[in-house]
Amino acid sequence: MVKQKEAWSNGWQMNQEEAANRMELRIMPLSENESFARVAVAAFMTQLDPTLEEVEDVKTAVSEAVTNSIIHGYENKGGDKPVIIEAYLTHRRIHIKIEDRGVGIDDIGRAMEPLFTTKPELERSGMGFAFMEAFMDELHVESKQGRGTVVYMSKQIGGQ
Amino acid sequence: MEKMFMVKDGWLTITMPEEMDHHKAEEIREGADDYLLTGKVLHVIFDFSNTKFMDSSGIGVIAGRYKKVSCYGGKVVAAHANSRIRKIIMLSGLTDLIEIVD
């Protein structure tokens, strides 16, 4: 899941060219913006006529990824560097990319294990990636220490 | 506005917010622990009547309170959770530790 780096970035780029619609949102890494980010993506995806459950699934996944960027990527310190939320719609699918320029993830495999957290003192449940995986069809994470983290996710909408 | 915390007969009832995310987690955690420290609280009820959204931050809040009260034989209950919140709780595995009631 963490391999084939080129293929993933290229795939994102290629599919984007066929997208029916696109959005991009830049937010300061503040917890106040978590609900703004997930509600914005939820509103954007209504064009695909999703079920309520599909909307909730995407909201949860976006919330987890954005919260990770704020807490872990930027270590809860705020600052001027953004969290960038991009999404596009192709036929019956939403593709989402959530990016930060924070500290990066040391060991992605470990970070994605359920219940693993580097911040137990903040009572992080360690379920963030597990929820993204459970609620989306595809999840791919790229990270470089000191450079930041990019989460790619997609989900088929309708026709299940 | 409804009070977020209420104590009665050793039970602390926490009225969970409409959106239970990381932004709200700290306020609830700190408020709840103030009550737990008084020694008058043994059990905790999380009341989800008003809650429409919850992510893993909410799971962290519930699990954290469970750790504290379970040392003294206390119970944790999730009440009035809609199907979405129940799903999140079930996926987290917390159902083995806490009670879910209507």
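In chain A, residues D57(A), T60(A), A61(A), E64(A), A65(A) and N68(A) of helix α3(A) meet G128(A), F129(A), F131(A), M132(A) and F135(A) of helix α5(A). Contact here means heavy atoms within 4.5 Å. Helices (H or I, at least four residues) and strands (E, at least two) are DSSP runs, numbered from the N terminus. The residues of this α3(A)–α5(A) contact divide into six nonpolar, three polar and two charged. Ala, Val, Leu, Ile, Met, Phe, Trp, Tyr, Cys and Pro count as nonpolar, Asp, Glu, Lys and Arg as charged, and the others, Gly among them, as polar.

This is a predicted model: local features need pLDDT of at least 70, side-chain atom pairs count only at pLDDT 80 or more, and totals for chains, interfaces and linings use all residues. Residues are numbered from 1 along each chain as its sequence is written, chains are lettered from A in the order in which they are written, and side-chain values use heavy atoms, with hydrogens and water left out.

Now the geometry. α3(A) and α5(A), the latter spanning residues 128–135, pack at an angle of about 150°, with their axes 9 Å apart. Axes are lines fitted to C-alpha atoms, for helices over the stretch in contact, and angles run from 0 to 180 degrees between N-to-C directions. The two helices are therefore roughly antiparallel, a term for angles over 145 degrees. Their crossing is left-handed.

α3(A) has another partner, α2(A), residues 33–45. These axes come within 9 Å and cross at roughly 145°. On the α2(A) side, the contact includes V41(A), A42(A) and M45(A). They and their neighbours meet α3(A) residues including V58(A), V62(A), V66(A) and I70(A). This contact divides into nine nonpolar, two polar and four charged residues.

The largest nonpolar core has 36 residues. Such a core is a set of buried Ala, Val, Leu, Ile, Met, Phe, Trp, Tyr and Cys residues joined through side-chain atoms within 4.5 Å. Buried means under 20% relative accessible area (1.4 Å probe, protein chains only). Among the residues with the most contacts inside this core are I98(A), F129(A) and M153(A). Helix α3 (residues 52–73) of chain A gives the most to the core, with seven residues. I98(A) touches V62(A), A65(A) and V66(A), among others.

Last, strand β5 (residues 148–156) of chain A holds G148(A). G148(A) is buried, at 8% relative accessible area. Among the residues that G148(A) touches are D100(A), R101(A) and E142(A).

Methods: Buried means under 20% relative accessible area, exposed over 50%, partly exposed in between (1.4 Å probe, protein chains only). Angles under 35 degrees count as roughly parallel, over 145 as roughly antiparallel, 65 to 115 as roughly perpendicular and the rest as oblique. A crossing is left-handed if the near helix is turned anticlockwise from the far one by less than a right angle, and right-handed if clockwise. Lists of a residue's contacts leave out its neighbours within four places in sequence.
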